[in-house]
Amino acid sequence: MRRMLSILTLAAIPLAAVPALSESREWTVIPDNPITRVTGAAICPYENPGMGVHNCLSLECVPGEPLLIAASIAGFDEPGDIGLAVDVDGRQIWDLRLTAAGDGRYVKGLSGPAWRAGIEALQAGTSGALTFFTDTYLWHDHLSLKGSREAIDHALASCWQAEIAPARDPDRAARDEVTAYCIDTHSRAAVMNDGFTRQEDFDGDGQMDWVVNYGTANCGPIGSAWCGWAGCEVAVHLARGGGFVQAFRGIAEGFRTVEGGMVFRRHASECAPESEGPCAVFYRFTREGLTRAGEVEWPPL
């Protein structure tokens with residue numbers, strides 16, 4: 001937020017709440033700025049005009065990029081993370097960890113659907129409170145919600161948020177899911193490599209289905225979050241009734257399409273008790289999607 005608001009130094013008080021000397025009475029729109037390129041909604045619940053310092057909170061983005069929550073704390077600019085708890089009308093809506101952005105701000109992605117209810121609460125509530133914290137410092141601030149609906153609407157109209165609707169578009173849903181996970185969890189851009197999604201008529205009904213190989217995705221330089229020692233996450237979406245059904249989603253070492261269904265090589269925990277290692281499980285095509293029908297040889301014939 002230092003790109004929008006200058007911050008002068010004020011030492012935070014260890015393990016004590018810093019009282020607000022004055023507070024912003026309402027949320028305001030961050031207008032589109034050709035220099036910083038940032039837009040959104042902001043409020044500064046702690047301000048000391050005499051010393052030129054403040055605590056500020058914003059929902060922001062570069063237009064078209066993922067929605068972020070960003071905070072700057074008066075005179076506090078240390079590397080690492082800070083905690084942020086947000087309460088609305090006496091109920092906690094978020095308990096977050098924000099990562100230092102290197103420019104005086106601490107940020108976290110809010111682009112996934114898990115954050116929608118909290119955003120709506122900020123817009124609909126009557127009063128709120130913020131708690132910023134580290135292992136050493138603690139700040140409490142009252143949070144006015146006046147003007148939040150209009151200002152946050154501007155942020156939502158400007159910023160990207162995931163549209164996860166696999167029944168309508170499995171390809172876009174999977175890409176949005178991975179993009180939101182990477183920015184919201186790791187503050188990294190998602191990388192979806194070749195083979196992430198593929199269309200094929202798996203069940204032979206003349207309609208194109210989708211398979212999603214989550215193991216081909218990663219968050220920047222971080223290894224895939226969708227793979228482990230038991231395999232990688234795979235999802236199969238079969239075309240049904242003008243839309244799609246998620247017929248399978250789980251961890252698998254591999255899969256094959258066979259007559260009447262699909263075979264997935266699963267971890268031993270998905271196998272019969274007498275199995276001593278991975279097994280191949282046959283799933284039969286049905287009107288509803290795929291139904292588990294027993295174990296078979298691997299590779300299937």
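Visitor: Why is the meeting of the Arg265 and Glu253 side chains called a salt bridge?

Guide: A salt bridge requires a side-chain nitrogen of Lys or Arg within 4 Å of a carboxyl oxygen of Asp or Glu. For Arg265 and Glu253 the N to O distance is 2.9 Å, so the pair meets that definition. Arg265 lies in strand E18 and Glu253 in the loop between E16 and E17, and the pair links distant parts of the chain, twelve residues apart. Helices (H or I, at least four residues) and strands (E, at least two) are DSSP runs, numbered from the N terminus.

Visitor: What stands behind these values?

Guide: The model is predicted: local features need pLDDT of at least 70, side-chain atom pairs count only at pLDDT 80 or more, and totals for chains, interfaces and linings use all residues. Residues are numbered from 1 along each chain as its sequence is written, and side-chain values use heavy atoms, with hydrogens and water left out.

Visitor: What is the average pLDDT of the chain?

Guide: pLDDT is the predictor's confidence in each residue, from 0 to 100. The chain averages 88, and 88% of the residues score at least 70. Over residues 1-23 the pLDDT is below 50, although this stretch has 78 contacts (heavy atoms within 4.5 Å) beyond near neighbours in sequence.

Visitor: What makes Arg265 count as buried, exposed or partly exposed?

Guide: Its relative accessibility is 22%. Buried means under 20% relative accessible area, exposed over 50% and partly exposed in between (1.4 Å probe, protein chains only). Arg265 therefore counts as partly exposed, and Glu253, at 42%, is also partly exposed.

Visitor: How many salt bridges are found in the whole structure?

Guide: The search finds 13. One of them joins Asp203 and Arg240, whose closest N and O atoms are 2.8 Å apart. Asp203 is in the loop between strand E11 (197-200) and strand E12 (209-213) and Arg240 in strand E15 (residues 231-240), so this pair ties together parts that are 37 residues apart in sequence. Asp203 counts as buried at 18% relative accessibility, and Arg240 is buried at 17%.

Visitor: How many aromatic pairs does the structure hold?

Guide: There are nine. Rings of Phe, Tyr and Trp (its six-membered ring) pair if their centres lie within 6.5 Å; planes under 30 degrees apart count as stacked, over 60 as edge-to-face and the rest as tilted. Tyr181 and Trp226 have ring centres 5.1 Å apart and planes at 65 degrees, so this pair is edge-to-face.

Visitor: What kind of pair do Phe248 and Tyr283 form?

Guide: Their centres are 5.4 Å apart and their planes stand at 70 degrees, so this pair too is edge-to-face. Phe248 lies in strand E16 (residues 243-252) and Tyr283 in strand E19 (residues 279-286), 35 residues apart. Both Phe248 and Tyr283 are buried.
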